[in-house]
Amino acid sequence: MRLATHLLSGDPPRGKILSVLVAAVVLLLVVTPFVFPGTRSMAVAERICIFVVLAASYDMLLGYTGIVSFAHTMFFGIGAYGVAIALTRLGVGWGAVLLGTAAGMALSVAIAVVIGLLSLRVRAIFFSMITLAVASFALILATSLRDLTGGEDGLTFEVPTLLTPAFHLVDGRVLGVRFNGTLVTYYGILILASLLFLFLLRAVNSPMGRVLQAIRENEFRAEALGFRTLWYRTLAGAISAAVAAIAGAMMALLLRYTGPDATLSFSLMVDILLMVVIGGMGTMYGAILGAAIMVMAQYYLQPAMGALSNAVADVPILPALFHSDRWLLWLGILFILIVYFFPTGIVGRLRR
Amino acid sequence: MPDALLELRGVETRIGRYHILHGVDFDVRRGRVTMLLGRNGAGKTTTLRTIMGLWRASAGSIEFDGRRIEALGTPDIARLGIAYVPETMGIFSQLTVRENLLLATGRAGFTDERLDRLFALFPALKEKWAVAAGVLSGGQKQMLAIGRAIIEPRRLLVVDEPTKGLAPAVIQLLIDAILRLKESETTILLVEQNFHMAASVGDEVAVMDDGRIVHTGSMADLAKDEALQHRLLGLSLAVHQ
Amino acid sequence: MRHRWDDVAPHLVLPAIVLLALPVMGLSNWVVLTVAGLAMGAMLFLMAAGLTLIFGLMDVLNFAHGAFITLGAYVGIGVLGPLAGWTSADSWTLNLAAFGIAVVVAMAVSGAVGYGFERIIIRGVYGAPLRQVLVTVGGLIVAQQLFVVLWGPNAIPLIKPTAFRGSILLGSAAIEKYRLIALALGLIVFVALHLMLNRTRVGLLVRAGVENREMVEALGYRIRRLFIGVFVLGTALAGIGGVTWALYQELVTPQIGGDMTILVFIILIIGGLGSVGGSLVGAMLVGLTANYVGFLAPTVSLGSNILLMVLVLLWRPRGLFPVAKG
C-alpha cells in the first residue's frame, strides 16, 4: 500500500468508485491484447493510452496552472512530425526515432518558452486568442511545406522492425496471441504512457506543482509571496509541451503516418479540451477517465447512436440529432453542463 | 450635534482570502466634513469601496439616512444621492470634459446655473470643455472628477485621496472648493494622506489602522494634539506639508 | 494642439500600406486588389465590430461568435431561396430589395439567438475568464453540430442576385460589383455605429463603460442592462457579416463562420479591444494583407495575417487603437 501511494506521488485517486474506475481502466488496458484480441480493440486501447498522456499534459496547463491554451496539439504534432521526418529522411532505425523525438521535444519546449514569455505582455483572454493564432500558423506551415512535411497528405513511413508484425518474439501463439512486433508496440506504448503519467503526477505534486496551484488560486498573492510566476508558468508550459511531443512521437510510431488532420487540427484540440474538462480539470485522473470516455465514444457510441437514429426515423429532426456522426453534439452539451454545474468534472463528482 | 447621515457598524470586508476590514464603526454626520485618516494599507479605500457597494461587506451594517444599504448594488447606492470620487479619479479619458460631466447629470442635462457654479470653482473645466479628458493635467482631471460629483446636488460625497500627486497650488484650489461646498452644508466623507488638507477642511475625524477604527473625535482636537497625531499617524502637522 | 507621433502613427498604417503597394504591383492590379481587400475588410468589419464592443464593455470573449456568422449565412439561404424570383431578375431594385430583406432577417435572427445565448450560456460566467472561454467553445461545438442537424453536412450554394454579378471596368481594372456593394454596406454600418456611439446617450454609456465599468455604475447607471443590448447588437452584426460573406463565397458550409474566427480575433487584437474604429482599420488591414500577399507571394498568403498580427503586437502590444481602461 505504501509503495502504491509513493508511486502515485502521494496523490491517489481518492474515492472508492473513482479508484475502482481508474483501476478498471488500467487493468483493461493491460489485458486487452489477450482478452479483446483484434486490431480494432487494440487500436482503441492504444489511442486511449496516448491520449491519456496528451490530456494529462494539458491538464497540467489548464487545471493546475489555469491557462487556456489552444496551441497544445501543436506540440503533439511537432513530436509526431519530428519522428516522421527523421524516419523518412534518416532511414529507419532507433537512432532516427530518438533523434526525431528529441528534436520534436526541443522545438516544442522552445516554442512553449516563447509563448510563456509572451503571456507576460498580454491579458489572459488575449493569450488564448494568440495561442489559437499560433496553432493555426503551425497548421498552415505543415500543409505548405510539402517537401518537408508531405503537405496535406502527410508522411507515411516505416518503423523499426521491433515494432512491426514481422518481428517475432516467440514463434507461434501464446495464450492465443501472437507475440510479435504489434504486441511489442502495444506494451511499449502502455508502459511509456504509464511512466509519463506518473511523471506528470509527480510534477504537479512537487513543490513546483504547489506553486502552480497557488498561482492559479491568486496570482497577485503568489507574486507578493515572492514566486516569480512567469518562471513557474513557463516551466510548467515547457514540461507540458515536452510530454505532449513524446505523445506525438508515440502516435506517429503507432500509425506509421503523420498528417495535419491527425495531429494539428482544431478538432483534435477540442477533443483534448473535452477530455480534460469532462474528466475533471486539475485532477490528473480526469485525463484517464476523459480520454477513455472520448475514445470509446468515438468508436462505440457511434453505432449505438446510429441504431437510435434508425429507431426514430419517422420523426422529424430526431434522426439527424441522433445520427452517428453527431456524437460530438452530445459530448458538447455534456461539456457545457459540466463547466456550469460540475467544474471539477467526473472525478470531482466521484470524490465527493 | 447633527445626526448621522451614514452609519457603519461592525463592517467586515473580505477580498478573496484576505480579511481587510475587521469591524469598522463610525458615523458621518449630516452637513459636516468627516475625514478618514490612516496609514497606507489601513483599509481606508476598502471602506469607501464597501460603502459604495463595489465590494460586498461580509458582516456588519451600513445605514444611509436610516436605510440599510450594505446589500444594495452600486448603481442603486449611487441613486440614493451618493457621489463617489475614487482614488484613481475614474474619469473617462476618451470622452470629453463635457461628456464626462453629462454622465453625471440626469436626462435634463446641464442648467446654466449649475454650470456657472462649477466654473466658478474650477475655471479650467470651462476652458477644456470640448477636450478629451485623457489629455488634461493631473490637477485638471481631479477637478473634473470632483466636478462630476458636485454638478448635481448630492446628499453625500465620498472622496478618496483627492490631493494625491498634486501640486500645492492645485491642492489649495481643492481646499477652497471644499470649503465652498461646506457653506452649502454638503455632507462629505474624505480620505486623505495630506494632514494639512485634512486639518483645513475637516470637522470630524476617524482614524483607521489595520482594518479597524482606532480613534474618532473632532478634527480641531486632533490638530491641537501633536502627540496623538504622532501616535496615530506617525507624523505631526508641522512636518507634513 | 500639437499631436505626438505616437498618437498619429497608428492612423497612418492603413494609408501607408495602400500607398506602398502601388509601385509594387502596377496600377491596374493595385486598383483591383485594393478594392478586393477593402471589400473583404468591410465584410470582416461586420463580423468583428460587434465582438470588439462586447469584449470592451463586458470583458466577454465569445468563442462562439463564428456560429452567429454561420447562422446569418444559413438565414440568407432561407430568405433568398423563396425570393429567387427577385434575385434572378436583372433589376437593381428587386435585387437590392431581396438583399436588404436577407440582411434584415439575418440581423434579426442572429440577434434573437444571441439574446437566448446570452441568457443561457453567457450570463453565468461574467467575470470568470477561464469558464467563459470553455463555455463559449462548448457553445461553438454544439452550434456547429446543430447546423449540420438542421441543414446537413454538405455545402449549399448561394448565388448572387443577377445585377450583383460581374464587374465594372475602371480603365483596365475590372472591379467586381459585389465588392463595391459589400464595401458600401460596411461603411453604412460603420457610420451608423459611429453615430450611435457618439451622438446618443446609450452610446455615451457604452463608450464610458468600455473604459471603466465600475465608475459608470458608481454614477448610478445599471450597466448590466446594457450588456444584453450590446451582446444582441454584436451577434446581429455578425449575422449581417455572415449573409454578406456567404453571398461573396457563393457557398455555405457549417464551418463558414467558424473558419473566420481566427481572422476576427486577429482583427480585434490588431485594432485594439473595445474600439469600433480600431476594428474597421484592423479589418481593412487584414483584408488588404490577404489580397496583396495573395497576389505577391501566394505561398505565404495563408499565414500572412498571423504574421501581420505579430508585427503589430511587437509595435503596439495592446493594438493600434486601444481603449484606455480606467
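Which element of chain C has the lowest mean pLDDT, and which has the highest? Keep that in mind as you look around, since what you have open is a predicted model.

**Stop 1: colour chain C by confidence**

Start by selecting residues 167-170 of chain C. That's strand 2, and its mean pLDDT of 86 is the lowest among the elements of chain C. Now jump to residues 65-80 of chain C: this is helix 3, and with a mean of 95 it sits at the top. Chain C as a whole averages a pLDDT of 90, and 98% of its residues score at least 70. For the complex, the predictor gives an ipTM of 0.91 and a pTM of 0.87.

**Stop 2: helix 8 of chain C**

Next, select residues 201-211 of chain C, which make up helix 8. A run of residues here is buried: C:Leu205, C:Val206, C:Arg207, C:Ala208, C:Gly209, C:Val210 and C:Glu211.

**Stop 3**

The largest nonpolar core has 305 residues.

Now centre on C:Ile266. Leaving out residues up to four places away in sequence, C:Ile266 touches A:Ala133 over in chain A, plus C:Val286, C:Asn305, C:Ile306 and C:Met309.

**Stop 3: chain B as a whole**

Hide everything but chain B. You'll find 10 helices and 10 strands. The C-alpha atoms of chain B fill a box of roughly 45 × 40 × 35 Å along the principal axes. Is that extended or compact? A compact globule of 241 residues would have a radius of gyration near 18 Å, and chain B has 17 Å, so the two agree. In chain B, 44% of the residues count as buried. Of the contacts in chain B with a separation of 6 or more, 68% join residues 24 or more positions apart.

**Stop 4: a hairpin in chain B**

Finish with residues 4-15 (strand 1) and 18-29 (strand 2) of chain B, which pair in the antiparallel sense over nine bridges. Click B:Leu8 and look across: B:Phe26 in strand 2 stands opposite. Two residues lie between the strands of this hairpin, and B:Gly16 takes a positive phi near 60 degrees.

Technical notes:
Residues are numbered from 1 along each chain as its sequence is written. Chains are lettered from A and ligands numbered from 1 in the order in which they are written. This is a predicted model: local features need pLDDT of at least 70, side-chain atom pairs count only at pLDDT 80 or more; totals for chains, interfaces and linings use all residues. A residue is buried if 20 or more other C-beta atoms lie within 10 Å of its own, exposed if 12 or fewer, and partly exposed in between; C-beta atoms are placed from the backbone. Helices (H or I, at least four residues) and strands (E, at least two) are DSSP runs, numbered from the N terminus. Two strands pair if DSSP finds at least two bridges between them. The radius of gyration is taken over C-alpha atoms; the globule rule is 2.2 Å times the number of residues to the power 0.38. Two residues are in contact if their C-beta atoms, placed from the backbone, lie within 7 Å. pLDDT is the predictor's confidence in each residue, from 0 to 100. A nonpolar core is a set of buried Ala, Val, Leu, Ile, Met, Phe, Trp, Tyr and Cys residues joined through C-beta atoms within 7 Å.
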